[in-house]
Amino acid sequence: MDDLQFRRQAYGDPNNQSDDFLQHMASHPDEAKLVKELKALDTQLTQALNIAVPDDLAEKLLLRQQLNQHHQTQKRTRYLMAMAASIAFIVGVSFSMLRFTPIDLSEHALAHVYHETKALQIEQDIGFNDVNFKLASMSGLQQSKFIQQPGRVFYTAYCDFQGVKSLHLVMQDENGQKVTLFIVPAEERLKLDTAFADAKYKGQGFQSADAYMLLVGEQKADLNYVKREIEQTFI
């Protein structure tokens, strides 16, 4: 789920319990804060509307005053919501423009690993059929799949490479080290480096079937081992 779609759903229903909505919120603290504020606003409006009408005149006059205040609050809230919608529209236009700019996959891969540190802490055993199920929903990769288990897979989730829906996996190398794999649908505007690194991580990029593969691991990780596993099992 991209940021614009998330914000549309957040403004429409901040109590949304869909898996994509909750997953996006869990991995984006700023978006989670926005949802929390919208829920609080929704609660305040509900409480303000649930006012019992008293019988005596004095309390009726007080209620009228409260309702007038509430009306002003509603007008102010509608104005703020309109402003938020305008901002969301501008963000959406900017986001669309970004879709046409070149993307350095190595920079995005390293940024994702640093941003989603929780992915390296999860200890699941995910089968290749579950990975294939996610691949089937990705543009350009409906026919791509793993024909057998490519070693142990600890984690899998969708991620976004500047508007390109991609798949984020955490796998195990020959020595038990965790290696991050990004599967990105191949597009002309994507720039793929065969090797990249920073002070903490090293990476490899290669193409398999209709996808760009990016491997990122700590300096002691055996990326070549995981690359061979993928090349032997992904079509």
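In this predicted model, the side chain of D173 comes to 2.9 Å from the backbone nitrogen of G176, and a polar atom of that D173 side chain also lies 2.9 Å from the backbone nitrogen of D222. Leaving aside residues up to four places away in sequence, D173 touches V179, A221, D222, Y225 and V226.

The position of D173 in the fold is the loop between β3 and β4, two strands that run antiparallel and are joined by six bridges, with β3 covering residues 164–172 and β4 covering residues 178–185. Within this pairing, V170 has T180 of β4 as its bridge partner.

These two strands belong to an open sheet of six, whose order is β2-β3-β4-β8-β7-β6 and whose pairing is antiparallel. At its edges stand β2 (153–161) and β6 (195–197), each of which pairs on one side only, and from one strand to the next the twist averages 20°. Packed on this sheet is helix α5, residues 105–115, which touches β2, β4, β6, β7 (201–208) and β8 (211–218); the direction of helix α5 makes about 50° with that of β8.

Key:
Residues numbered from 1 in each chain as written. Predicted model: local features only at pLDDT ≥ 70, side-chain atom pairs only at ≥ 80, totals over all residues. Heavy atoms only, no water. Pairing = 2+ DSSP bridges. Helix = DSSP H or I, 4+ residues; strand = E, 2+ residues; numbered from the N terminus. Axes fitted to C-alpha atoms, helices over the stretch in contact; angles between N-to-C directions. Contact = heavy atoms within 4.5 Å. Polar contact = N/O pair within 3.5 Å; in protein donor to acceptor, adjacent residues only side chain to side chain.
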